Amino acid sequence: MAAENFRGRIPLVVGVLPDQHVEVLQTARTLAEQLGVPLVCAYVDEASYLVEWDPSRETHRMSLHPEKDDEDIAAMRGDLGRVIGEAMDGGSADWTLRLLAGDPARALGRLAADIDASMIIVGTPEPGLGHRISEALNGSVAAWLSHHQRRPVLIVPQKRRPDSPPKN
């Protein structure tokens, strides 16, 4: 992991999750290496306390869990750092990890704007009923970003596993 001072190079932002499919980080690493730019890996904790003000809606949104244990945050940072480090091992791309709070799509968009990222990279939702219900209730991060960002959004699909049947 490198310091966040990238000396003028315009980074890529990649959204990361603890159990995310590996293709997202592999794709982000390859792209960063080919472009010669750093990666800012961002994890968004939806349960963190964050009050957002959206001028178009004039609403305040607060998390249901306003207090977060610092040990939980440190453990998450350590776990994600190990996963990202393994994916970046042997590569030449500089990277850093940022922990964000609030709505994942908006937090990734804010981060990209703050650091003037050239692109946002996210994965597709994991398969399964739980993820489909979550997406139905919360919306798709990839869909929101692709409709509300002025910068490119790369959506990395999960590769079909050899033991899974093809979808019709």
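A residue is called buried when its relative accessible area is under 20%, exposed when it is over 50%, and partly exposed in between (1.4 Å probe, protein chains only). The structure described here is a predicted model, in which local features need pLDDT of at least 70 and side-chain atom pairs count only at pLDDT 80 or more, whereas totals for chains, interfaces and linings use all residues. Residues are numbered from 1 along each chain as its sequence is written, and side-chain values use heavy atoms, with hydrogens and water left out.

Helices (H or I, at least four residues) and strands (E, at least two) are DSSP runs numbered from the N terminus, and two strands pair if DSSP finds at least two bridges between them. Five strands build an open, parallel sheet in the order β5-β2-β1-β6-β7. Its edges are β5 (95-101) and β7 (153-156), each of which pairs on one side only. From one strand to the next, the twist averages 25°; axes are lines fitted to C-alpha atoms, for helices over the stretch in contact, and angles run from 0 to 180 degrees between N-to-C directions. Strand β2 (residues 39-45) pairs with β5 in the parallel sense over 7 bridges, and Ala42 stands opposite Arg98 in β5.

A nonpolar core is a set of buried Ala, Val, Leu, Ile, Met, Phe, Trp, Tyr and Cys residues joined through side-chain atoms within 4.5 Å. The largest such core has 22 residues, of which Val14, Val16, Leu39, Cys41 and Ile121 touch the most other members. Two or more residues come from each of β1 (12-15), α1 (23-35), β2, α2, β5 and β6, with α1 giving the most, 5 residues. Apart from this core lies another, of 15 residues, including Val13, Ala42, Val44 and Leu108.

Helix α2 comprises 19 residues, and its buried members are Leu80, Ile84, Ala87 and Met88. Seen down the helix axis, these buried residues fall within an arc of 85° and so line one face of α2; the arc is that of the directions from the axis to the C-beta atoms. The elements covering them include α1, β2 and β5, while Glu71, Arg82 and Glu86 are exposed on the other side of α2.

Met88 lies in α2 (residues 70-88) and counts as buried because its relative accessibility is 6%. Leaving out residues up to four places away in sequence, Met88 is in contact (heavy atoms within 4.5 Å) with Leu25, Arg29, Leu39 and Trp95. After α2 comes Gly90, whose phi is positive, near 85°.

Note on methods
Expected span 1.5 Å × (residues − 1).
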